[in-house]
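The following report describes a structural model, element by element. The sequence and the coordinates are shown first.

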Amino acid sequence: MSRRLFCATIVLAAGVALSLRAQQDSANPNLLRFCPGLGIPCVEITRQAYDRGHEQFRQSCGFCHGPTAAGGNGGPNLIFSAVIRRDNQGADITKVIQEGRPDKGMPVIPLTPTQIADIVGYLKARVAEVDKTSGLRPSRDYDLKKLLTGNAELGKAYFNGPGQCATCHSPTGDLKGIATRYPPIELQARLMYPTGVRQDATVTDAAGKQFTGELVQQDAFDVTIRTADGMQRSWPSRTVKVETTDRLAKHRELLSKYTNADVHNLFAYLVTLQ
Amino acid sequence: MKLLLGLAMTASLLQQGVDTGMLLQRPTTNWPTFNGDYTGQHFSPLKQINTTNVATLKLAWSFQTHQAAMKATPLVVDGVAYFSVPDHVWAADARTGRQIWHFSRTSSGDHLASRGVAMFKDRIYFGTPDAHLIALDARNGKKVWEVEVADWKFGYYISAAPLVVKDKLLVGMSGDQLNMPGFLEARDLNDGKPVWRWDAIPKPGEPGSETWPNAEIMARGGGMTWVQGVYDPALNLTYWGTGNPHPVYAGNVRRGANLFTCSLVALDVDTGKMKWYIQTSPHDTHDRDANQTPILIDGDYQGRPRKLLAMASRSGYYFLLDRATGESLVTVPYGGQNWSAGVDERGQPIPKPDVEPTVDGAFFEGTTTNWWTPSFSPDTSLFYVNASHGFSIAYLMPNEETGKVEDHQGGGATSLWSESMLLALDYRTGKVRWSRTGTGGGNGLLSTAGGLVFTNESGHLVALDAASGKVLWHVNPGGSLTGSPMSYELGGRQFVLTPIDGVLYAWALPE
């Protein structure tokens, strides 16, 4: 398990913790917290304890059970083991390590109580870590090399050709240095559909008075804008005329046209805009 | 004293709770089961509240649970409403909203949702976050018995309301957090003891096992049964959808169709034996499960009466089948998608390999739905479903140290853009008759003989004209509709109940 994937898990766990307990643990980046499900207690462990237990596990158990406890050379996957999952405060795991399971070919593993405690801590964290991956997304430092499978020249041709990107964007203008402004994984998503783009609206009320500002919300019932003075104003949708400038309309059109190759080629091209 | 005792006995004889006959009727004064009746139509034949007067609908009462969002459909039997959130069940007077009793029990396990309770005679039945099944005395909320159905430490929990069928409770199983196989159990109504079990994932050598590469990956399972199924008493069959296979995004480690995940199955209610199946998303790699309510319709198809089953699945396809035989009549997409290359001879979508999640990201377009109970109106012949159309990019993410897919997800996705909507489909063709955008987003639907559809739109609770989709009534209730609306008549007055976050609201016409 690399640091990279860890970061993803920490961010995710912190998000869950926030919603569950309304408290943040980002103040302590050394504390790993794995929350396996809504209402199931989170498992907390320091990064050092996790790494120590992981290393001990690799040395003493990894040959048979795999370096991450997911099964290996003849030994079962321990993440889904009933002994691990039903263990009470380490007692059951300790017993298996100290006495072995001769009937199943597992020898006694000679370890000190401290070493055993490290392994117990790692295994419990590992179970919670694997259980809580629902909604997993690549982390912000997802490796560029993994994403860079397209052809930049073809991407450039798409940009200037069928994608019609050049009608709004310029590699020497708004997109200059774009590759340095976002982590690669974000750049890939943003090139298809950028988030946080302001939409403007002009509202004309029944008396003909016009209000212009940032569109906050518009639905069948109400329209809300934020005017230049920072205030929000709303009207019943049926009483006003609303004109919006949709800066993302072209992006939405393209969404129904992209192939995987288009996406990866465009990405490869944008990465050259350093 | 004798006279008083006699009166009390008469009263208790009159109030016997749910019986089989009640479950076979259209729901009017009672709403005795999750979908109102066995058809899954989630339709009320009441018409006191209708297109001409719904604009005057008023709040009749509200019930504050002080708990998490209620994702349940309430029951109403003999003037009492029964509803739940994880760890809690309430009974309240369905006329006033006053609490009659409250049962609570702290439990371990996943508290994602309780989708409601079941009732038979004077017992209330429900599942728990730690995968236990509990029976309460409906008169006072006292526990009668409790049994364990599965071990929560392996990620199992029960969110679906049990389905009462004959002398059994059909108990669906939830559990998305883990690589464990899904199943459906029939339990004895009297004591909760197991009667039969249907496993969604075959054992090596069994039919369906040939659609998995090996026993090891097959054991990682999926195929949970977390949305209540439906029942046809004449055919003696119960119909359930199953969840997606695991690891969710890593199709590369489980080549094949992966039966019986993402499938709609017809089971004999006496034995649990499967009579037929259709897979709504073969070899699924985008969490397009079949955990949607199938709807039983006795209607015309191509000029002759048929016993039909209709389902708008999460795969974005609408299915119409002969429910006796499983014969496929219609399979059509109900919205934009890029993952399927057409339909096979069994009426199943054919997945395209190039949308499977990859390390560098695979572009995906889909139209989808979820547990959001659909509704069918026999009056309009329309099948109403809350849906969502969107685009995402999905990644295959093996463990970096071992290169293996070790967790149950195997990857993840970034949503690029999506839009929720309500679709009214012609049940014979699956074609969209009308639609609204901004509607739904996490709730079930109710249609009524008053010509109405109740749902959520842009934070408003709305009543729509069932024929056209026009808004006839709306109110901002200060929260989202989180469960499914239902309706009942009490004392000559029609009520509509709507779970809004942790509060249950009852709506009625002015007295």
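## Surroundings of L189(B)

Apart from neighbours within four places in sequence, L189(B) has contacts with F120(B), V164(B), D167(B), K168(B) and L169(B); a contact requires C-beta atoms, placed from the backbone, within 7 Å of each other. L189(B) sits in the loop that links β13 (183-188) to β14 (194-199) of chain B. Helices (H or I, at least four residues) and strands (E, at least two) are DSSP runs, numbered from the N terminus.

L189(B) is buried, as 21 other C-beta atoms lie within 10 Å. The term buried denotes 20 or more other C-beta atoms within 10 Å of a residue's own, exposed 12 or fewer, and partly exposed the range in between, with C-beta atoms placed from the backbone. Between the C-alpha atoms of L189(B) and T358(B), which are 169 residues apart along the chain, the separation is 47 Å.

## Basis of the model

The model is predicted: local features need pLDDT of at least 70, side-chain atom pairs count only at pLDDT 80 or more, and totals for chains, interfaces and linings use all residues. Residues are numbered from 1 along each chain as its sequence is written, while chains are lettered from A and ligands numbered from 1 in the order in which they are written.

## The two chains

Chain B contains three helices and 36 strands, and 60% of its 511 residues are buried. Its C-alpha trace spans about 75 × 50 × 45 Å along the principal axes. Of the contacts in chain B with a separation of 6 or more, 58% involve residues 24 or more positions apart.

Chain A has twelve helices and seven strands. Buried residues account for 30% of its 274 residues. In chain A, residues 24 or more positions apart supply 56% of the contacts with a separation of 6 or more.

## Interface between the chains

Contacts between the chains involve 41 residues of chain A and 46 residues of chain B. On the side of chain A that touches chain B, at least two residues come from each of several helices, including α1 (3-21), α6 (113-131) and α12 (260-271) of chain A. This side of chain A comprises 20 nonpolar, 13 polar and eight charged residues. Here Ala, Val, Leu, Ile, Met, Phe, Trp, Tyr, Cys and Pro count as nonpolar, Asp, Glu, Lys and Arg as charged, and the others, Gly among them, as polar.

## Nonpolar cores

The largest nonpolar core has 139 residues, of which Y82(B), V117(B), M119(B), A310(B), F383(B) and L425(B) touch the most other members. Such a core is a set of buried Ala, Val, Leu, Ile, Met, Phe, Trp, Tyr and Cys residues joined through C-beta atoms within 7 Å. Another core lies apart from it and has 34 residues, among them M192(A), V263(A), F363(B) and A413(B).

Beyond its neighbours within four places in sequence, Y82(B) contacts P74(B), L75(B), V89(B), A91(B), V117(B), M119(B) and I124(B).

## Two open sheets of chain B

One open sheet has four strands in the order β3-β4-β5-β6 (chain B), paired antiparallel; strands pair if DSSP finds at least two bridges between them. At the edges, β3 (75-77) and β6 (99-104) of chain B have a single partner strand each, so one side of each lacks a neighbour in the sheet. Six bridges connect the antiparallel strands β4 (residues 80-85) and β5 (residues 88-93) of chain B, and A81(B) is opposite A92(B) in β5(B).

Strand β9 (residues 132-137) of chain B is joined antiparallel to β10(B) by five bridges, with L136(B) opposite K143(B).

Strand β35 (residues 493-500) of chain B has seven of its eight residues buried, so it is largely enclosed by the rest of the structure. Five bridges join β35(B) to the antiparallel strand β34 (residues 486-490) of chain B, and E489(B) has Q494(B) as its bridge partner. This pair forms a hairpin with two residues between the strands, where G491(B) in the turn has a positive phi of about 60 degrees.

β35(B) also pairs antiparallel with strand β36 (residues 503-508) of chain B over five bridges, and T498(B) is the bridge partner of Y505(B). Their hairpin has two residues between the strands, and D501(B) takes a positive phi near 50 degrees.

Technical notes: Contact = placed C-beta atoms within 7 Å.
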